[in-house]
Amino acid sequence: MLILPVIMQEEQLKYKIGVSLIDGVGDVVAKRLIAYCGSVEAVFNEKKRGLLKIPGIGRGIANAIISQDVLNRAEEEISFIKKKEIKALFYLDDDYPNRLKYCDDGPVMLYCKGRMDMNATKVVSIVGTRQAGNYGKRMCEKIVEGLVKHNILVVSGLAYGIDICAHKAALKNNLQTIGVVAHGHDRVYPYIHEPIAEKMQGNGGIVTEFLSKTKPDRENFPQRNRIIAGLSDALIVVESARRGGALITAEIANSYNRDVFAVPGKLTDRYSEGCNWLIKINKAALLESVKDIEYLMGWKKEKGRSKAAQKKMFVDLKPEEKVLIDLLDKSGSLGIDTISLKAGMSTSKVAAMLLTLEFSGMVKCLPGKVYQLN
């Protein structure tokens with residue numbers, strides 16, 4: 001009795017993966033294709049003349065869709081992820097990270113290995129140079145230790161230097177940590193970090209948008225950096241030269257309206273130039289201690305408001321406001337569109353109610369129009 005639903009799920013997954021593989025189609029155009037056609041399956045069933053009417057779809061892309069060659073590769077990948085116990089997430093799935101849903105160029109597909117909650121209440125990404133010095137490593141460890149009380153999810157890129165330091169610090173402090181990589185799940189790069197990657201899968205794991213057999217080519221790293229930025233509430237740059245992946249990630253985080261922090265360093269230190277420059281041009285807040293993050297992110301608990309006072313505030317809520325509070329209480333954090341859908345109310349009405357709840361101190365607005373209880 002259970003065989004048919006499983007087959008149907010795999011068939012749908014084939015189309016979901018397939019649409020992400022169409023030559024010449026990026027994440028933005030892929031989402032446009034699905035919206036115009038109505039579903040991923042409909043994309044591959046659409047006639048050529050219909051495809052050509054969609055903005056951004058030329059003859060080359062239309063021919064690639066009609067040939068359906070990508071579906072064979074998708075079937076191959078399904079066999080791989082089943083064997084390796086990898087979870088495939090489509091951008092419209094409920095488990096897909098809420099924060100990434102509000103990034104226009106968020107990946108259509110994500111492949112996850114481990115035990116992770118990418119919709120954790122508080123998510124911090126930590127990036128920096130591969131040539132991390134003692135100062136950078138100490139600061140990275142100190143920041144992670146200071147954020148333990150907030151039970152944060154630590155995101156980084158599993159690379160040498162600051163990245164691996166952040167993952168190790170998270171594991172040491174029993175915090176969930178996720179490594180976003182620039183290759184498929186059939187390898188770990190750099191290979192020397194494989195033991196750490198395995199440990200992370202017990203409380204976090206490895207995430208990628210790339211299929212198996214994808215090598216960690218240079219051009220893949222800037223692409224994966226947008227996931228590191230998009231998954232987070234705040235991005236912290238610990239050490240960085242004036243140019244490099246950390247600066248690219250900070251630029252993307254700013255474009256996503258994420259809060260960016262940078263640890264300052266000596267003017268004469270090469271790997272402090274990037275951090276100092278971000279602070280200088282007001283693209284990052286100066287980070288001296290965890291208190292700076294707590295203050296700017298609003299993570300410090302308000303003093304003087306007792307539990308009894310909070311309960312009284314909840315009692316005074318209107319019935320529709322209670323619906324929103326209950327949704328956030330159950331889910332931890334939700335995007336405004338998801339709240340509207342689950343509450344059965346218009347987005348404009350929900351936005352007005354959330355603003356009122358925010359002013360009263362019961363709700364907090366996170367980057368990307370994601371809301372959570374305060």
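User: Where does Asn220 sit?

Analyst: Asn220 belongs to helix α11, which covers residues 220-230. Keep in mind that this is a predicted model.

User: Is Asn220 buried or exposed, and what is it in contact with, leaving aside neighbours within four places in sequence?

Analyst: Asn220 counts as buried because its relative accessibility is 9%, under the 20% cut-off. Leaving aside neighbours within four places in sequence, Asn220 is in contact with Ala182, Phe210, Thr214 and Lys215.

User: OK, on to α8. What's its length, and which of its residues are buried?

Analyst: Helix α8 runs over residues 134-146, so 13 residues. From first C-alpha to last it reaches 18 Å, close to the 18 Å expected at 1.5 Å a residue. Its buried residues are Gly136, Met139, Cys140, Ile143 and Val144.

User: Why do the buried residues of α8 line one face?

Analyst: Looking down the axis of α8, the buried residues fall within an arc of 130°, so they line one face of the helix. On the other side of α8, Asn134, Arg138 and Lys142 are exposed.

User: Switching to salt bridges. How many does the structure hold?

Analyst: The structure holds 15 salt bridges. One of them is between Lys149 and Glu294, at 3.1 Å from N to O.

User: Which parts do Lys149 and Glu294 tie together?

Analyst: Lys149 lies in the loop between α8 and β4 (153-156) and Glu294 in helix α14, so the pair ties together parts 145 residues apart in sequence. Lys149 is exposed, with a relative accessible area of 64%, while Glu294 counts as buried at 5% relative accessibility.

User: What about Glu75 and Lys14?

Analyst: Glu75 forms a salt bridge with Lys14, and the closest N and O atoms are 3.6 Å apart. This pair also links distant parts of the chain: Glu75 is in helix α6 and Lys14 in helix α1 (residues 3-19), 61 residues apart. Glu75 counts as partly exposed at 40% relative accessibility, and Lys14 as buried at 10%.

User: And how far apart are Glu77 and Arg73 in helix α6?

Analyst: They are 4 residues apart in helix α6, which means a separation of about one helical turn. Glu77 and Arg73 form a salt bridge, with the closest N and O atoms 3.1 Å apart. Glu77 counts as buried at 2% relative accessibility, whereas Arg73 counts as partly exposed at 22%.

User: What's the phi at Glu85 and at Asn282?

Analyst: Glu85 has a positive phi of about 55° although it is not a glycine, and Asn282 has a positive phi of about 60°, again without being a glycine. Glu85 lies in the loop between α6 (70-84) and β1 (87-90), Asn282 in the loop between α13 (273-280) and β9 (285-286). Glu85 counts as exposed at 68% relative accessibility, and Asn282 is exposed with a relative accessible area of 70%.

Note on methods: Residues are numbered from 1 along each chain as its sequence is written. This is a predicted model: local features need pLDDT of at least 70, side-chain atom pairs count only at pLDDT 80 or more; totals for chains, interfaces and linings use all residues. Side-chain values use heavy atoms; hydrogens and water are left out. Helices (H or I, at least four residues) and strands (E, at least two) are DSSP runs, numbered from the N terminus. Buried means under 20% relative accessible area, exposed over 50%, partly exposed in between (1.4 Å probe, protein chains only). Contact means heavy atoms within 4.5 Å. The expected span of a helix is 1.5 Å times one less than its number of residues. The arc is that of the directions from the helix axis to the C-beta atoms. A salt bridge is a side-chain nitrogen of Lys or Arg within 4 Å of a carboxyl oxygen of Asp or Glu.
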